[in-house]
Amino acid sequence: SDVPNGGFFGQNDDTISSYFFDEDTSGKTGGTSTADMKTLSTFTDAGWDFTNTWILDASVNNGYPTFSFAPHVPIALVPSGSGILSDPYLIANLGNLIWVSQNSASWDAKYFKQMADIDAVFSKNLDIGQGLTPIGTDSFTPFKGYYDGNGKTISNAYINRTATYIGIFGYVSGDAEIKNLNIEDANITGITTNQSFNGLGVLVGTAGDNGQTIVFKDINISG
């Protein structure tokens with residue numbers, strides 16, 4: 001005999017509401033498309049609580065909603081754009097920010113534009129509790145790019161590392177520019193390893209003196 005085989009329940013005689021399943025990946029009808037399953041309004045319109053119970057972040061759980069209290073480890077996501085002035089890397093989520101921190105080739109004279117507020121609360125689970133890797137390692141591998149925060153915010157960024165230069169941007173040099181960025185409730189700590197040349201800060205560990213002008217403009221740090 002036929003066995004009931006639905007997208008959410010095999011068989012159900014009760015009334016249920018505000019439930020979702022991905023009809024594209026499940027092959028079952030009556031569900032929600034993959035694109036809508038990764039769209040916040042799909043769930044907030046149904047009354048889901050994204051303040052206390054749920055999160056939706058492209059770098060966590062493959063972009064599907066998940067419980068906010070679970071120990072999620074976010075992944076790096078390649079941003080759109082090519083990094084040139086007319087086509088900057090578009091930093092839209094924590095995964096994009098992680099990608100920048102892990103790809104030193106993007107630190108040299110590349111352009112970035114932040115497209116949304118980024119809650120980096122799950123950065124504390126990266127590298128077994130060490131948090132984000134500073135963008136710009138030292139004078140040999142500095143950040144020499146141009147980061148436009150676009151008036152957006154990075155909140156809850158976490159770093160607790162042993163390194164020479166510690167900050168969201170570890171070592172900045174060249175004619176780098178960081179502007180229009182808000183930092184809220186960051187937790188940046190660690191042990192600097194060089195007694196003579198080191199630095200620890202929320203935004204930047206050290207701005208190198210190389211005879212060029214480094215620009216910091218309209219930066220707000222709070223919390």
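Begin with the charges of this predicted model: select the 10 positive and 23 negative charges of the protein chain, whose mean positions are 9 Å apart. The C-alpha atoms fill a box of roughly 80 × 40 × 30 Å along the principal axes.

Next, turn to the salt bridges, of which a search of the whole structure finds three.

Select Asp 108 and Lys 144, which form a salt bridge with their closest N and O atoms 3.7 Å apart. Asp 108 lies in the loop between helix 4 and strand 4, and Lys 144 in the loop between strand 5 and strand 6, so the pair ties together parts that are 36 residues apart in sequence. Asp 108 is partly exposed at 44% relative accessibility, and Lys 144 is partly exposed at 30%.

Proceed to Arg 161 and Asp 127, whose side chains meet in a salt bridge at 2.4 Å, N to O. Arg 161 belongs to strand 7, while Asp 127 is in the loop between strand 5 and strand 6, 34 residues away. Arg 161 counts as buried, with 12% relative accessibility, whereas Asp 127 is partly exposed at 39%.

Then select Lys 179 and Glu 177, joined by a salt bridge of 3.7 Å, N to O. Lys 179 is partly exposed at 25% relative accessibility, as is Glu 177 at 23%.

Finally, select Asn 96 in helix 4, residues 94–102. Is Asn 96 buried or exposed? Asn 96 is buried, because its relative accessible area is 5%. Display its surroundings as well: Asn 96 touches residues including Leu 77, Pro 79 and Ile 91.

Notes
Residues are numbered from 1 along each chain as its sequence is written. This is a predicted model: local features need pLDDT of at least 70, side-chain atom pairs count only at pLDDT 80 or more; totals for chains, interfaces and linings use all residues. Side-chain values use heavy atoms; hydrogens and water are left out. Helices (H or I, at least four residues) and strands (E, at least two) are DSSP runs, numbered from the N terminus. Buried means under 20% relative accessible area, exposed over 50%, partly exposed in between (1.4 Å probe, protein chains only). Contact means heavy atoms within 4.5 Å. Lys and Arg count as positive and Asp and Glu as negative; His and the chain ends are not counted. The place of a charge is taken as NZ of Lys, CZ of Arg, CG of Asp or CD of Glu. A salt bridge is a side-chain nitrogen of Lys or Arg within 4 Å of a carboxyl oxygen of Asp or Glu. Lists of a residue's contacts leave out its neighbours within four places in sequence.
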